[in-house]
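This report describes one protein structure for a reader who is new to the subject. Please keep the sequence and the structure in view while reading.

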Amino acid sequence: MYHIRDGVGKVHDGLTYLGDGDAAGGAIVVTTEVLKIAKEAAGTIPVPGLGLVFELLYDILEKAQTSQANRKALEDLREELGRLYMHLENVKGKVESRMKQFGAESSERRELEGGLPSAMPLISRIELLKEDLEKAHIRSASLLHSSWLSRWFFSDADADVLKELRSQISKARNRFQFDGVMNIEILVEDILNKLLGEADKRALEQLSPGIDASYLAAINEVKSHYLGGTRKELFEDLNAWIIGSNPEWRSKPVMFLRGEAGIGKSTVATELCRQLQMKKALGASFFFTRGAQKLDSTELFFPTIAVQLANLQPSLRPYIVAAAHRYLQTGRILRMQYAYEELLEKPLSALPTTHPPFVIVVDALDECTQQASLLVPEFLGYLMNGAKSFGTTMRILILSRPELHYVRDVLDAEPYKDSVLTISLSNPRYALSAHRDIRALIQKRLHANEWSKRWAASRGAFDVITKLTERSNGVFVYAETAMSFLLNDRNNLDERFELLLSAEKPIGLSDLDALYLTVLETAFPKKDRLPSELSRMQKVLGYIAVMREQGGGFTPRALQYLTGMSLEGSMSILNKLRSVVHFELDNPDSRFRVVHLTFREFLLGDNSPEPFHVVPSEAHAQLSIHCMTILLLYVKIPGWKPSAELKICQESSRRHPGSDRPFPFHVWYAVTHLEEHRRLSRSSREEREEDRQIVMRYEIMTESNSDSLEYWLSRRLGAASHDLF
């Protein structure tokens with residue numbers, strides 16, 4: 001089986017290495033038996049054409065061995081074939097080795113099996129090699145002779161053919177090995193890494209993390225307006241806790257930073273995340289948001305934290321990626337304990353204790369409202385266990401309003417209380433600096449424009465700033481809202497300034513609520529409240545108060561498609577609300593959202609006066625009707641012809657970014673939130689049954705026209721659809 005020239009050689013893996021050669025580049029002699037085995041083995045790996053290459057080598061060598069040419073020419077050819085064989089074996093071996101690392105049903109193996117056949121840099125090299133070998137194969141046919149006499153007669157000519165074949169194989173090998181700028185072995189390694197990298201990236205994406213939970217998400221943009229140089233004392237204490245420079249805090253891996261609404265907790269959280277990310281010390285951030293799908297629930301917390309940790313902490317990435325592949329193979333079990341253990345606890349256990357500490361920032365825990373009293377304590381328990389186990393590596397900052405008793409019950413529990421550092425923003429150390437910082441904020445806003453700067457100077461800038469600072473009383477959102485209210489009408493600065501100073505606080509309202517009332521009464525004075533204007537205002541306030549996904553895409557145009565309200569009607573109201581609602585003046589495609597959650601709370605509060613009070617059940621009922629109407633516009637009704645409204649819906653291209661359905665955003669909204677609005681409207685069981693019967697009559701207009709609306713809604717809404725159907 002093996003041929004050893006000059007009687008000297010080393011046999012390894014069915015090959016003979018001559019002299020001091022090795023598998024990387026010595027003189028190698030290959031046999032037809034070895035090539036036959038290699039051809040069969042190549043069929044088990046997903047690299048098209050590799051088996052045919054081995055078959056061509058086998059045929060060329062078999063023909064060459066029938067020649068009676070001189071022995072040296074044959075051995076030189078076999079040696080060249082051996083060198084090419086080793087490069088091919090290296091390619092095959094690298095692929096086989098990677099594939100053996102993963103189970104037959106693993107996502108990594110599926111990625112390799114699906115990606116290698118389309119890896120053009122590799123496939124093109126093999127195709128070029130096949131072309132070269134096919135030419136050599138054709139040339140080798142001249143070595144076949146019908147008798148021993150003809151073989152003897154053509155022995156000299158055959159020797160020339162063997163030399164020519166050796167030259168062809170050598171050129172083919174060099175082109176295969178070095179074509180382009182990358183060695184074939186390095187190229188294969190690079191392709192495998194990229195494919196597995198894609199599998200890893202896809203696994204993280206399939207965890208369905210809450211993309212909008214990050215401090216960088218667009219929905220959190222309103223929380224990012226930090227004024228440089230402010231909150232100095234607070235940031236000093238935060239950094240001392242993070243790096244452990246305060247001995248009393250070193251053993252407390254969890255900080256609970258509490259403060260009243262509007263005091264600037266989210267702005268602090270956002271700025272801290274930014275600073276930590278610059279220092280590569282941010283692990284992850286999760287900003288709960290009331291009224292935003294999946295961001296007011298613990299459901300996506302641990303998958304989201306795991307994905308961010310994988311992206312922000314390179315040392316953790318391989319462990320989290322491996323955990324993600326395992327987690328997905330279970331069918332994405334949504335039990336919180338399983339998600340914590342698989343996606344966070346096990347990867348963290350693999351990190352050395354010497355790993356530099358990183359921080360996980362959890363903002364607005366009070367805005368986690370979905371089954372909060374049940375799920376938040378469970379979620380906090382897992383977080384606390386993680387902090388106790390990995391406290392030298394992982395620090396956790398939680399920001400919230402102080403009134404959540406079920407949060408305090410967990411943090412004060414015996415197993416955890418010694419691990420928690422509680423800091424209140426009402427502490428005089430921070431309250432004094434907040435007063436100073438609000439003064440700086442007001443001054444900056446007044447000096448942002450020449451006209452406002454001149455006005456302040458005419459009134460006595462120091463006096464103006466002092467009075468507005470005192471009215472704010474340490475509440476940043478009050479200062480921001482007051483300044484927006486003041487500066488949004490440059491023609492009535494004096495009047496608005498006096499309103500801010502003189503407005504009385506009705507019984508039952510906080511200072512901030514009284515400011516919101518002043519904003520609304522100024523925007524919609526009694527003398528201008530015609531029935532049509534009043535109706536539009538109340539509808540828009542209702543939408544602002546109870547609509548879901550506020551930061552995800554609602555614009556006046558989308559609102560028109562969902563509710564039928566004209567662009568002019570909604571924009572005329574939104575333009576007047578720009579002190580409390582982020583909205584670009586007269587822009588129908590500008591997303592609108594409240595400046596601060598407290599405005600929605602004011603609208604829904606029991607003490608909110610008429611006509612601004614929003615009755616939640618009534619607002620939800622109105623939206624549920626709109627959602628049902630939209631769905632009925634998107635179904636097939638026998639004999640029914642598309643109306644102008646349906647045409648508008650069909651032509652609208654606004655879609656939810658995460659939707660795989662070819663429907664505009666307002667249709668996605670109707671499907672996703674119909675059941676919730678219907679439930680919160682306190683409609684009767686009979687009314688919901690009536691809805692069900694209407695919906696059941698028709699089929700949704702999908703591309704295939706085959707899905708029933710009931711089945712489709714069930715898939716989109718999951719268990720939540722049971723109440724509707």
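## The second largest pocket

Helix 19 contributes the most to the lining of the second largest pocket, with five residues. Helices (H or I, at least four residues) and strands (E, at least two) are DSSP runs, numbered from the N terminus. A pocket is found on a 1 Å grid over the protein atoms alone, as an open set of points with protein on both sides within 12 Å along at least five of seven lines, where a 1.4 Å probe fits; lining residues have an atom within 4 Å of a point. The model is predicted: local features need pLDDT of at least 70 and side-chain atom pairs count only at pLDDT 80 or more, while totals for chains, interfaces and linings use all residues. Residues are numbered from 1 along each chain as its sequence is written, and side-chain values use heavy atoms, with hydrogens and water left out.

The second largest pocket holds about 1100 Å³ of space, a volume being the space filled by probe spheres set on grid points that are joined across faces, edges and corners. Its lining has 45 residues, and Val 222, Lys 223, Thr 267, Val 595 and His 596 lie nearest the centre. At least two lining residues come from each of helix 10 (265-278), helix 16 (428-446), helix 19 (476-487), strand 9 (581-582), strand 10 (593-594) and helix 25 (597-604). By class, the lining has 16 nonpolar, 15 polar and 14 charged residues. Here Ala, Val, Leu, Ile, Met, Phe, Trp, Tyr, Cys and Pro count as nonpolar, Asp, Glu, Lys and Arg as charged, and the others, Gly among them, as polar.

## The chain as a whole

The protein chain has 30 helices and 10 strands. Of its 725 residues, 53% count as buried; buried means under 20% relative accessible area, exposed over 50%, and partly exposed in between (1.4 Å probe, protein chains only). Among contacts in the chain with a separation of 6 or more, 73% are between residues 24 or more positions apart. Contact means heavy atoms within 4.5 Å.

Strands of a sheet pair through backbone hydrogen bonds, either parallel or antiparallel. In this model, five strands form an open sheet in the order 5-6-7-4-8, with parallel pairing. Strand 5 (282-287) and strand 8 (420-424) stand at the edges with a single partner strand each, so one side of each has no neighbour in the sheet. On average, neighbouring strands of the sheet are turned by 15 degrees against each other, direction ignored. Two strands pair if DSSP finds at least two bridges between them.

Strand 5 and strand 6 (residues 358-363) run parallel and are joined by five bridges. Leu 282 has Val 359 of strand 6 as its bridge partner, and Ser 285 stands opposite Val 361 in strand 6. How much of strand 5 is buried? Six of its six residues are buried. Helix 14 (residues 372-389) lies across strand 4 (254-258), strand 6, strand 7 (394-400) and strand 8, and runs at about 145 degrees to strand 7.

## Two packed helices

Two packed helices are described by the angle between their axes and the distance between the axes. The axes of helix 5 (residues 120-140) and helix 8 (residues 184-206) come within 9 Å and cross at roughly 145 degrees. Axes are lines fitted to C-alpha atoms, for helices over the stretch in contact, and angles run from 0 to 180 degrees between N-to-C directions.

From helix 5, Pro 121, Leu 122 and Arg 125 meet Ile 184, Leu 187, Val 188 and Ile 191 of helix 8. This contact has six nonpolar, no polar and one charged residues.

## Individual residues

Arg 98 is found in helix 3 (residues 71-100) and is buried, with a relative accessible area of 13%. Apart from neighbours within four places in sequence, Arg 98 is in contact with Leu 112, Glu 189, Leu 192, Asn 193 and Leu 196.

Is Arg 231 buried or exposed? Arg 231 is buried, at 7% relative accessible area, whereas Lys 280 is exposed, at 68%. Arg 231 has a positive phi of about 55 degrees although it is not a glycine, and Lys 280, likewise not a glycine, has a positive phi of about 60 degrees. Arg 231 is placed in the loop between helix 8 and helix 9 (232-243), and Lys 280 in the loop between helix 10 and strand 5.
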